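Here is a brisk report on one model.

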Amino acid sequence: MTKRSLWASALCIVLYMAVSIPVTQRYPLYIHHLLVWNVFLAALPLVFAVLFSKCRSTLLRVTLGVLWLLFFPNAPYLVTDLIHITQLPLLAQGWTLTRDWYLWLVLMQLGVGLFLGTMLGACSLQIMHRQIRGWVGGFWAWAAVVGVCLAGGYGIYLGRFARVNSWDLLNLPLLLRRIFLVTDLHGLLISLGYAAYVLATYVVYHSFRNPDPEQGPTHAKAEKDRSW
């Protein structure tokens, strides 16, 4: 991860908070505070991934790796927050759009949150991808990425439909019961759909973040020198 990417992520978070503050002041509803909380959870995988890449202790690396995997679905999970669009009365009368600009701020809050969660998740996944590639090579690293996306898709499904949180692992019997109640063919198909979304967005992000071979080794070295 480059320092430029880190600053860009921080700028997006600041933008999101700038949009969210007037929204939560005008509409002090639980859902708007929850959206801000979801963005905070989406940033944690990136924090864990950066710490993982800088850490040299095996025990700490294992701990950070497990935490990253548990919290990773929280980032792409923000795509499901679009469900709250149905609560916005954007149409005043007939097909006339409302002139309440706070409602449009709420819409922006949802859109920026979706974008931010997707990018934070892809950024953290690329850090872990590079770490794994250094250990086992390119093929198995991509196999691990696919596995993470499948797990992430299932995690998104559990979070939205079973209201499961990452820290529910601390109460394993209750967690397994809730998973058992919602896991069926319908749930597996939805999970595969979310997994495809996570994988597709990561492939796009990865293709843009990697230097173009036609630009030569000098450009590639410059990118490497700026990366963490």
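## Cysteines

Cys-123 is buried, with a relative accessible area of 4%. Buried means under 20% relative accessible area, exposed means over 50%, and partly exposed lies in between (1.4 Å probe, protein chains only). Cys-55 also counts as buried, at 12% relative accessibility. The structure holds 0 disulfides, a disulfide being a pair of cysteine sulfur atoms within 2.5 Å.

## Basis of the values

This is a predicted model: local features need pLDDT of at least 70, side-chain atom pairs count only at pLDDT 80 or more, and totals for chains, interfaces and linings use all residues. Residues are numbered from 1 along each chain as its sequence is written, and side-chain values use heavy atoms, with hydrogens and water left out.

## Overall fold

The protein chain has 8 helices and 2 strands. Both kinds of element are DSSP runs, numbered from the N terminus: helices are H or I with at least four residues, strands are E with at least two. Along the sequence the pattern reads α-α-α-β-β-α-α-α-α-α.

The protein chain has 228 residues, and 43% of them are buried. Take the contacts between residues at least 6 apart in sequence: 75% join residues at least 24 apart. Contact here means heavy atoms within 4.5 Å.

## Nonpolar cores

How many residues does the largest nonpolar core have? It has 43, and Trp-68 and Leu-125 have the most contacts inside it. A nonpolar core is a set of buried Ala, Val, Leu, Ile, Met, Phe, Trp, Tyr and Cys residues joined through side-chain atoms within 4.5 Å. The elements that give two or more residues to this core are α2 (30–54), α3 (58–71), α4 (101–136), α5 (138–161) and α7 (185–209). The most comes from α4, with 12 residues. Apart from this core lies another, of 7 residues, including Val-164, Leu-175, Ile-179 and Val-182.

Which residues does Trp-68 touch, leaving aside neighbours within four places in sequence? They are Pro-45, Phe-48, Ala-49, Ser-124, Leu-125, Met-128 and Val-148. Leu-46 sits in helix α2. At 7% relative accessibility, Leu-46 is buried.

Helix α4 has 36 residues. Its first and last C-alpha atoms are 52 Å apart, close to the 52 Å expected at 1.5 Å a residue. The expected span is 1.5 Å times one less than the number of residues in the helix. Just after α4 comes Gly-137, with a positive phi of about 95°.

Helix α7 has 25 residues and reaches 36 Å from first C-alpha to last, close to the expected 36 Å. At its start, a side-chain oxygen of Asp-184 comes within 3.3 Å of the backbone nitrogen of His-186. Several residues of α7 are buried, among them Gly-187, Tyr-194, Val-198, Tyr-202, His-206 and Arg-209.

## The Arg-163 and Arg-178 pair

Arg-178 lies in helix α6 (residues 172–182). At 23% relative accessibility, Arg-178 is partly exposed. Not counting residues up to four places away in sequence, Arg-178 touches Ala-162, Arg-163, Val-164 and Asp-168.

A polar atom of the Arg-178 side chain lies 2.6 Å from the backbone oxygen of Arg-163. A polar contact is a pair of N or O atoms within 3.5 Å; within protein, one must be able to donate a hydrogen and the other to accept it, and residues adjacent in sequence count only if both atoms are side-chain atoms. Arg-163 is in the loop between α5 and α6. Its phi is near 55°, positive in a residue other than glycine. Arg-163 is partly exposed, at 40% relative accessibility.

## Salt bridge

The structure holds 1 salt bridge, meaning a side-chain nitrogen of Lys or Arg within 4 Å of a carboxyl oxygen of Asp or Glu. The side chains of Asp-81 and Arg-160 form it, at 3.1 Å from N to O. The pair links distant parts of the chain, 79 residues apart: Asp-81 is in the loop between α3 and β1 (91–93), and Arg-160 is in helix α5. Both Asp-81 and Arg-160 are buried. Side chains of opposite charge can pair when their charged atoms come close.
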